[in-house]
Amino acid sequence: MAVKPDKQLSEARAWTYVLAGGLLEIVWASGFKYEAIPSIVVLVSLLASFDLIIRAAKVLPVGTVYAVFAGMGTLGTTIVEIVMSGGAVSALRIAFILLLLACIIGLKLSSKGSEA
């Protein structure tokens, strides 16, 4: 039985995987709190998000991939929390969310040309 060689993932596709993995992280992390998200959806999104991140980290710098993944999850779950709880949003919380968003964008922009 012949073993197929791994097909090299393009950098653009790897970033797409990071984006999809980050969005799935919002689903599974929010599912820990909100019963409206079925457990099977939480489990599948958890496994899929880590699979996508692992694939992306084979092409992109792992530190950047993890930071963007975690930042997207933090940002997304914070937004879900605000929306679902109808909670108050302080100016300080918005400022830190924007700072986090700026850091995620900065990591993405600065990762070009670095070693994987």
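Start with T64: setting aside neighbours within four places in sequence, this residue is in contact with W15, L107 and S111. The model you are looking at is a predicted one. T64 is found in helix α3, and with a relative accessibility of 12% T64 counts as buried, because buried means under 20% relative accessible area.

Now follow helix α3 to T78, which also has its place there. T78 counts as buried at 16% relative accessibility. Again leaving aside neighbours within four places in sequence, T78 is in contact with R93 and I97. Take I97 as an example: T78 and I97 are 19 residues apart in sequence, and their C-alpha atoms are 8.4 Å apart in space.

Over residues 12-30, the chain is 100% helix and 0% strand, with the end C-alpha atoms 27 Å apart. Over residues 90-109, the chain is 95% helix and 0% strand, and here the end C-alpha atoms are 29 Å apart.

**Charged partners**

Next, look at the charged side chains. Side chains of opposite charge can pair when their charged atoms come close. How many salt bridges does a search of the whole structure find? The search finds two, and here they are side by side.

| Salt bridge | Closest N and O atoms |
|---|---|
| K33 with E81 | 2.8 Å |
| R55 with D51 | 2.9 Å |

Which parts of the chain does the pair of K33 and E81 tie together? K33 lies in the loop between α1 (11-31) and α2 (39-57), while E81 lies in helix α3, so the pair ties together parts that are 48 residues apart in sequence. K33 is exposed, with a relative accessible area of 51%; the cut-off for exposed is over 50%.

R55 and D51 are both in helix α2, and being four residues apart, they are separated by about one helical turn. R55 counts as partly exposed at 42% relative accessibility, and D51 counts as partly exposed at 34%.

**Aromatic rings**

A pair of aromatic rings is described by the distance of the centres and the angle of the planes. In this model, the count comes to four aromatic pairs.

Which residues make the nonpolar surface patch of about 530 Å²? The patch is made by V89, I94, L98, L101, I105 and L109. Of these, V89 is found in the loop between α3 (62-85) and α4 (91-110). Is V89 buried or partly exposed? With a relative accessible area of 37%, V89 is partly exposed.

Terms used. Residues numbered from 1 in each chain as written. Predicted model: local features only at pLDDT ≥ 70, side-chain atom pairs only at ≥ 80, totals over all residues. Heavy atoms only, no water. Helix = DSSP H or I, 4+ residues; strand = E, 2+ residues; numbered from the N terminus. Patch = residues over 30% accessible without salt bridge, like charges linked within 9 Å, V, L, I, M, F, W, Y side chains within 5 Å. Areas by Shrake-Rupley, 256 points an atom, 1.4 Å probe, with all protein chains shown as cover. Salt bridge = Lys/Arg side-chain N within 4 Å of Asp/Glu carboxyl O. Buried < 20%, exposed > 50% of the residue type's maximum accessible area, 1.4 Å probe, protein only. Phe/Tyr/Trp six-rings, centres within 6.5 Å; stacked < 30°, edge-to-face > 60°. Contact = heavy atoms within 4.5 Å.
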